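Let's take a walk through this protein, one feature at a time. Have the sequence and the 3D view handy as you read.

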Amino acid sequence: MATFMLKLMLPLLFLYMIPPKTAYAEFEQWCVADEQATENELQAALDWACGKGGADCGKIQVNQPCYFPNTLKDHASYAFNSYYQKFKHSGGSCNFRGAAMTTEVDPSHDSCHYDFILR
C-alpha cells in the first residue's frame, strides 16, 4: 500500500513544483486590414502608418520577407500591425479610420513574421 501511495504522490509532487505560467490580462492580438476597407482607405492609412505613424515598413519592401504577397491589403496589414504593436501601450489603436481591425489569429505566413509585443 505504501508503494502504491508513493507512486501516486511522486508525480503529483513533481507537478506541484512546476511554477505556474504568469497570467496577463491581455490576449494576443494583431492589427490587420479590414476586408471591408476600400483601396483608397487602405492606401491612405498605409501611407500614414509608414510615414508619420512611425511603423517599421522595411519588411514590406522589394526583396524583404513580407513583400509577397505583393498586395495593398497584405502590405497595409503588416504596416498596421507594426504601428499597433509599437504604440498600443501608449495610446495607439488599430483603427486607421476604419481601415483596420484586430484579430486573435496570427497573420504571419511563410518567412513573414508579424510581431506581437506583450508589454
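## A place to start: D110

D110 makes a handy first stop. With a relative accessible area of 81%, D110 clears the 50% cut-off and therefore counts as exposed. You'll find D110 in the segment after β2, and its phi is positive, about 45°, even though D110 is not a glycine. Keep in mind throughout that this is a predicted model.

R97 does something along those lines too: its phi is positive at about 55°, and R97 is not a glycine either. Look for R97 in the loop between α3 and β2. R97 is exposed, with 83% relative accessible area. As background, most residues other than glycine have a negative phi, and most peptide bonds are trans.

## The overall layout

Zooming out, the protein has 3 helices and 2 strands. Read from the N terminus, the elements go α-β-α-α-β. The protein has 119 residues, and 31% of them count as buried.

In soluble globular proteins, nonpolar side chains tend to be buried together. Here the largest nonpolar core has 24 residues, and the ones that touch the most other members are C31, L42, F80, F96 and A99. Two or more residues of this core come from each of β1, α2 and α3. Helix α3 gives the largest share, 6 residues.

W48 belongs to helix α2 (residues 39-50), while F96 is in the loop between α3 (72-87) and β2 (100-103), so the pair ties together parts that are 48 residues apart in sequence. Are the two partners buried or exposed? W48 is partly exposed at 37% relative accessibility, whereas F96 is buried at 12%.

Y67 and F68 make another edge-to-face pair, with 4.9 Å from centre to centre and 80° between the planes. Y67 is buried, at 17% relative accessible area, but F68 counts as exposed at 59%.

The peptide bond that joins F68 and P69 is cis, with omega at about -5°. P69 sits in the loop between α2 and α3.

That loop between α2 and α3 also holds K59. K59 is partly exposed, with a relative accessible area of 30%. K59 and H113 are 54 residues apart along the chain, and their C-alpha atoms are separated by 9.3 Å.

## The largest pocket

Rolling a probe the size of a water molecule over the atoms shows where empty space is left. How much space lies in the largest pocket? About 240 Å³.

The residues lining the largest pocket are E41, A44, A45, W48, Y83, S93, N95, F96, R97 and A99. Helix α2 gives the most to the lining, 4 residues. Sorted by class, the lining has 6 nonpolar, 2 polar and 2 charged residues.

## One salt bridge

How many salt bridges does a search of the whole structure find? It finds 1. The partners are K73 and E35, whose closest N and O atoms are 3.8 Å apart. This pair links distant parts of the chain, with K73 in helix α3 and E35 in the loop between β1 (30-33) and α2, 38 residues apart.

As for accessibility, K73 is partly exposed at 33% relative accessible area. E35 counts as exposed, at 56%.

Key. Residues numbered from 1 in each chain as written. Predicted model: local features only at pLDDT ≥ 70, side-chain atom pairs only at ≥ 80, totals over all residues. Heavy atoms only, no water. Buried < 20%, exposed > 50% of the residue type's maximum accessible area, 1.4 Å probe, protein only. Phe/Tyr/Trp six-rings, centres within 6.5 Å; stacked < 30°, edge-to-face > 60°. 1 Å grid on protein atoms, 1.4 Å probe; cavity = no way out; pocket = protein on both sides within 12 Å on 5 of 7 lines; lining within 4 Å. Points joined across faces, edges and corners; volume = space filled by probe spheres on them. Nonpolar A, V, L, I, M, F, W, Y, C, P; charged D, E, K, R; others polar. Salt bridge = Lys/Arg side-chain N within 4 Å of Asp/Glu carboxyl O. Core = buried A, V, L, I, M, F, W, Y, C linked by side-chain atoms within 4.5 Å.
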